[in-house]
There are 2 protein chains.
Amino acid sequence: MKVLVLGAGQLARMMALASKPLNIEVRAYDVGSDQVVDPLSPSVTFGDLDAGIAFADSITAEFEHISHEVLDRCEDSGKLFPSSQSIKTGGDRRLEKSLLEQANVKNATHHVVATKAEFDNALKHLKLPLILKSALAGYDGKGQWRLKDISQADAIWKEVDTFIKEDTSAQQQAVVIEQMVPFDREVSMVGVRDKNGETKSYPLTENHHTNGVLSVSLATGAHANLQAQASEAFDKIANALDYVGVLAIEFFQVGESLLVNEIAPRVHNSGHWTQQGADTCQFENHMRAVSQLPLGSTALVRPTAMINVLGTDSVPNSILSIPSVTMHWYGKSKRAGRKMGHINVSGSDRVELLQRLQQVVSLLPENDFPEVNDYVSQLK
Amino acid sequence: MKVLVLGAGQLARMMALASKPLNIEVRAYDVGSDQVVDPLSPSVTFGDLDAGIAFADSITAEFEHISHEVLDRCEDSGKLFPSSQSIKTGGDRRLEKSLLEQANVKNATHHVVATKAEFDNALKHLKLPLILKSALAGYDGKGQWRLKDISQADAIWKEVDTFIKEDTSAQQQAVVIEQMVPFDREVSMVGVRDKNGETKSYPLTENHHTNGVLSVSLATGAHANLQAQASEAFDKIANALDYVGVLAIEFFQVGESLLVNEIAPRVHNSGHWTQQGADTCQFENHMRAVSQLPLGSTALVRPTAMINVLGTDSVPNSILSIPSVTMHWYGKSKRAGRKMGHINVSGSDRVELLQRLQQVVSLLPENDFPEVNDYVSQLK
């Protein structure tokens, strides 16, 4: 079995690591260089996209912001899983919102806005505070504005208008304006669906973001009620897309209710804990799904947390002396804010996990891991 | 960190897979072709042994039958862990037996024999039945004879004498004649020792061999008394060798007592279950030890069994539908009897593990997995 991954970053790398034992050969298409590479040794190249498509039995993607031209060429080969429509939906908040409405899944009240008239109309119908998010290429906190007081409206519109007009993509930029959800917590769910329509979802993950980027995830298997809601939303969304592979859903938790924030049509940072905490990790399950192998169990094996390593290429080796601490470096060169690796920490129950997590965090420099200590300290 | 592994088979491959997330770069020296290769893509080469030695921060080995010339060149670089003496000891039963005596570790009563006079003397002092094992290059049941009745002595000596005289190695072949141990079970232990002398040992593994080759291993964390004996033997042997890395010890269990059968100065087939069943797998712990990183916990996370895949390159995909079944292929071309991969099966306790194991085995063709069904059926 041979799989081409669109994108040659850490997600392709971890898919390749999970694939070797299954005898699935993985190559990755680097959209920047237009070269197919070995995701485990990116200096080894295998030609252009056509060569990659010819090589593959299946094609999949590690990110959603891929040109439609590339997606369409892959779709034409009949090998692309999930479908280009699924990937495009993940890359465009307008399509995403339509999907959620169509699948009857709760999400924040919103308007799609591209003109001043639409903006003014949205302000009339939505309750402050609002959050404006770019329709295209907006993730990890980029292309977002918060409108808390009506006096900010003109200034924000000026910025948004420039942002929209500067965009040159074929799909044309817009913003989705949402009513801010007074959420108690951000949680997410990763799940997997195969070509026969079978779905399996992983335990819900509690997430903490620092400066708009995920910094800590925690899966302990609690929250049976929320788990059932999230699984239902997963099934509705995955079925609506006739999805194949791993799909992630981010939710706002408001009381005992979940609203979908956004979806990601791929393996997801908030599912990295599955490498040590779940029966089958998200990377293996994604490759099983796109390779038509039976899905693996998504059961929790042990409560596990993940800490992102952002913008630094070293952590104290002493954290490896703590039981159940696993380091995952991505082999990338250092750049401010860049996702460089992650640390998984497990325990036999939530109490042991939190003890170990606190130990690990106490050894990590605050400078490189802002807010992480504070967040972990308040976990119960 | 950069590590050269002597040997480019599945053990080097699994070391490389465990090393990627630690940012340890692994290359493998293929002794057959005298080429350094990428163990994850063996067609990618990096020159000869000198190039490999120059590349590495540390050098280690995946097998013990390496020419002393190669070992000595690596040792001279100051980078070889474990030491050449440790590796040579694992490759020569004479040195192994001296080590066990010196470390005061119980093993089978034996004589070393290279001549007819020594053979006759051994027969006088040892009690039948006997097992004769080649001193050099004898593993997986090759180079062994069983002497059950004295009438077989002349015929066996003729074979052994020819075997000894045909050997052209610098160390000169011999046989070790042991009194057969009326063992109840074969068990083994994998453990790890770092440069500071810290040791950690994994839970004992119950093993079943088919035609002299390991076919099934099972680690459930039972047998506290045997575990303590085995850990003590591990510490004695590892300390006597000033060992660095993972070391495996095979034992005969006789009642509540353990006798060492043999040692292997490397990661070991009977430790493959640690990939799914232990807090840190043997491959990662070996790389941690030779790279001077803190050792990881060797605690059992969940009872796990391993089934070897020998001489076949396919198993029914349906086994992947059973929870906690993980496939590990080695990416090798098929050859009769060759170790092609292994299947790990886990359960939350021994009962669940045995249920799943029975399910898996019922789907495996008897032809490709002889004795495995019978062995698994009688496990309690």
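Predicted model: local features only at pLDDT ≥ 70, side-chain atom pairs only at ≥ 80, totals over all residues.

**Domains first.** I started with the domain assignment of chain A, which gives domain 1 (2–80), domain 2 (109–179) and domain 3 (185–377).

**Overall build of chain A.** I found 12 helices and 18 strands in chain A. Along the principal axes, the C-alpha atoms of chain A fill a box of roughly 55 × 50 × 40 Å. Buried residues are 50% of the 380 residues in chain A. I then turned to contacts in chain A with a separation of 6 or more: 61% of them come from residues 24 or more positions apart.

**The core.** Which residues touch the most other members of the largest nonpolar core? I got A:Met15, A:Ile249, B:Met15 and B:Ile249, out of 188 residues in that core. In general, nonpolar side chains tend to be buried together in soluble globular proteins. I followed up B:Ile249 and left aside its neighbours within four places in sequence; its contacts include B:Ser188, B:Met189, B:Phe234 and B:Val260.

**A look at B:Ala16.** I found B:Ala16 in helix H1 (residues 10–19) of chain B. Is B:Ala16 buried or exposed? The cut-off for buried is 20 or more other C-beta atoms within 10 Å, and B:Ala16 has 26 such neighbours inside 10 Å, so B:Ala16 counts as buried. Beyond four places in sequence, B:Ala16 is in contact with B:Val26, B:Pro39 and B:Leu40. For B:Ala16 and B:Pro39 I noted 23 residues of sequence between the two positions, and 6.7 Å from C-alpha to C-alpha.

**Where the chains meet.** How many residues does each chain bring to the contact? I read 28 residues from chain B and 28 residues from chain A. On the side of chain B that touches chain A, strand S4 (41–45) and strand S17 (325–329) are the elements that give two or more residues. S17(B) gives the most, with three residues. That side of chain B divides into 13 nonpolar, 10 polar and five charged residues. I also saw that 100% of the interface residues of chain B are interface residues in chain A too, so the copies meet through the same surface.

**Symmetry.** I laid chain B on chain A: a turn of 180° and a shift of 0.0 Å along the axis give an RMSD of 0.0 Å. The two copies are therefore related as by a two-fold rotation axis. In chain B, the C-alpha nearest that axis belongs to B:Leu17, at 3.3 Å.

I noted a cis peptide bond between B:Phe81 and B:Pro82, with omega about -5°. B:Pro82 sits in the loop between helix H3 (68–76) and helix H4 (84–90) of chain B. Another cis peptide bond joins B:Leu128 and B:Pro129, with omega about -5°. B:Pro129 is in the loop between helix H6 (116–125) and strand S7 (130–134) of chain B.

Last stop was phi. B:His223 is not glycine, yet its phi is positive, near 65°. B:His223 lies in the loop between strand S13 (213–219) and helix H8 (224–240) of chain B, and is partly exposed, with 18 other C-beta atoms within 10 Å.

Definitions and conventions:
Residues numbered from 1 in each chain as written. Chains lettered and ligands numbered in written order. Contact = placed C-beta atoms within 7 Å. Helix = DSSP H or I, 4+ residues; strand = E, 2+ residues; numbered from the N terminus. Nonpolar A, V, L, I, M, F, W, Y, C, P; charged D, E, K, R; others polar. Least-squares fit on C-alpha atoms with pLDDT ≥ 70 in both. Domains from an automatic or database assignment. Core = buried A, V, L, I, M, F, W, Y, C linked by C-beta atoms within 7 Å. Buried ≥ 20, exposed ≤ 12 C-beta atoms within 10 Å, placed from the backbone.
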